[in-house]
Amino acid sequence: MNEHLDDREILERFRTDNPDYAFHLLVKKYQEKLYASIRKVLVNHEDTNDVLQETLIKIYQNLNTFRSDSQLFSWMYRIAINEALGFIRKQKRKYVFSSLSYEDSLIQSLHADSFFDGDALQKKLQEAILKLPQKQRLVFNMKYYDNLKYDEISEILKTSTGALKASYHHAVKKIEKYLQED
Amino acid sequence: MKRLNDIPKKDPFKAPDGYFETLPDKVRDRIQAEKQADAKPGFFAVFKPYLYFAGFFIALAFLFKVGLNTFTGDYHDQQIIANQTETVESEYFEYDMISEETIYAAILAENTDEETEIPEETMIAYLTQDDYSSILYYE
């Protein structure tokens, strides 16, 4: 069968013909993009795997409620980011009585990550991103890596585009300052 | 001076080899497992509505019983005691009202009645008969 159907055809198949197969096609099509978005937020592969699987199950359970007037991937991306943020909230509770912060643990994960594929400069950039406040970090990743428009980020994070632009500007300044150190 | 634009934009986070080949099947298996789990609800999930229903009626019956005792039970008990007391009192009252003369007269009248009730012919037949079975009969 044709594995290169567009979103509309996959949705049509999900609703009428063979939902499990249609969903299989959808996962194959978007799993890497979703993985990359979640991984930049959570850093650790195992955590990313857990959240990605939860995200895909949620997508399956709610795909019938998806309204075709918006982009399917934007809708899936929103679910993925919300799941990742929910995961972070739970993790932060575990670090309440710890001398280590959750953000510090992410930097440790970065240095211990055997799947990191980049040079020292790339690692330093990721360190700089992980040192940003959570919202600035999310905005930076969405804008810089995922190429989302401010309107789309605004819808996901429920923040005005003006505030998002300011966040992104501050994030870039902080990152560049960090990169100049040493 | 290091600027962000000087660094090549690339995603340095990689997934383990073969991860994306197996992920769709893992997700499918989890979805199937969740479907089966949803299709087989536990004992408590099945009987929960009935247990709530039974509990509701037991509570309702208890409240009804308590309410009934509160509003009518005491009154009912008091009525029974009152009736019993009244009967005993009226019996005592009636006994007190009967004079000794009346009682003696009633006893005498009973004896007299018995004697007068036997006709004379019967008495003669009684005194002259040899068959004592009738004597026994009368006694």
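# Briefing: helices, core and chain contact

Lys158(A) is placed in the loop between α8 and α9 of chain A. This is a predicted model, in which local features need pLDDT of at least 70 and side-chain atom pairs count only at pLDDT 80 or more, while totals for chains, interfaces and linings use all residues. Residues are numbered from 1 along each chain as its sequence is written, and chains are lettered from A and ligands numbered from 1 in the order in which they are written.

**Loop residues with positive phi**
- Lys158(A) has a positive phi of about 55° although it is not a glycine.
- Lys158(A) counts as exposed because it has 7 C-beta neighbours inside 10 Å (with C-beta atoms placed from the backbone, 20 or more others within 10 Å make a residue buried, 12 or fewer exposed, and counts in between partly exposed).
- Val43(A), in the loop between α2 and α3 of chain A, is not a glycine either, and its phi is positive at about 65°.
- With 22 C-beta neighbours inside 10 Å, Val43(A) is therefore classed as buried.
- Most residues other than glycine have a negative phi.

**Chain A as a whole**
- Chain A contains nine helices and zero strands (DSSP runs numbered from the N terminus: H or I of at least four residues for helices, E of at least two for strands).
- Of the 182 residues in chain A, 27% are buried.
- Among contacts in chain A between residues at least 6 apart in sequence, 55% join residues at least 24 apart (a contact needs C-beta atoms, placed from the backbone, within 7 Å).

**Leu11(A)**
- Leu11(A) belongs to helix α1 (residues 7–17) of chain A and, with 18 C-beta neighbours inside 10 Å, counts as partly exposed.
- Beyond its neighbours within four places in sequence, Leu11(A) is in contact with Ser68(A) and Leu72(A).
- The C-alpha atoms of Leu11(A) and Ala22(A) are 7.2 Å apart, and the two residues are 11 residues apart in sequence.

**Helices α8 and α9 of chain A**
- Helix α8 (residues 150–157) and helix α9 (residues 161–180) of chain A have axes that come within 9 Å and cross at roughly 105° (axes are lines fitted to C-alpha atoms, for helices over the stretch in contact, with angles from 0 to 180 degrees between N-to-C directions).
- α8(A) is therefore roughly perpendicular to α9(A) (65 to 115 degrees; under 35 is roughly parallel, over 145 roughly antiparallel, and the rest oblique).
- Tyr150(A), Asp151(A), Ile153(A) and Ser154(A) of α8(A) make this contact with Thr161(A), Leu164(A) and Lys165(A) of α9(A).

**Where chain A meets chain B**
- The contact draws 29 residues from chain A and 20 residues from chain B.
- The chain B side that touches chain A has 12 nonpolar, no polar and eight charged residues (Ala, Val, Leu, Ile, Met, Phe, Trp, Tyr, Cys and Pro are nonpolar; Asp, Glu, Lys and Arg charged; the others, Gly among them, polar).
- Helix α2 (residues 19–42) of chain A packs with helix α1 (residues 19–39) of chain B at about 140°, their axes 10 Å apart, so α2(A) and α1(B) are oblique to each other.
- Contributors to the contact include His24(A) and Val27(A) of α2(A), and Phe20(B) and Leu23(B) of α1(B).

**Nonpolar core**
- The largest nonpolar core has 38 residues, and those with the most contacts inside it are Ile38(A), Ala80(A), Ala84(A) and Val139(A) (a core is a set of buried Ala, Val, Leu, Ile, Met, Phe, Trp, Tyr and Cys residues joined through C-beta atoms within 7 Å).
- Elements giving two or more residues to this core include α3 (45–62) and α4 (72–94) of chain A, and α1 of chain B.
- α2(A) supplies the largest share of this core, 10 residues.

Key. Two residues are in contact if their C-beta atoms, placed from the backbone, lie within 7 Å.
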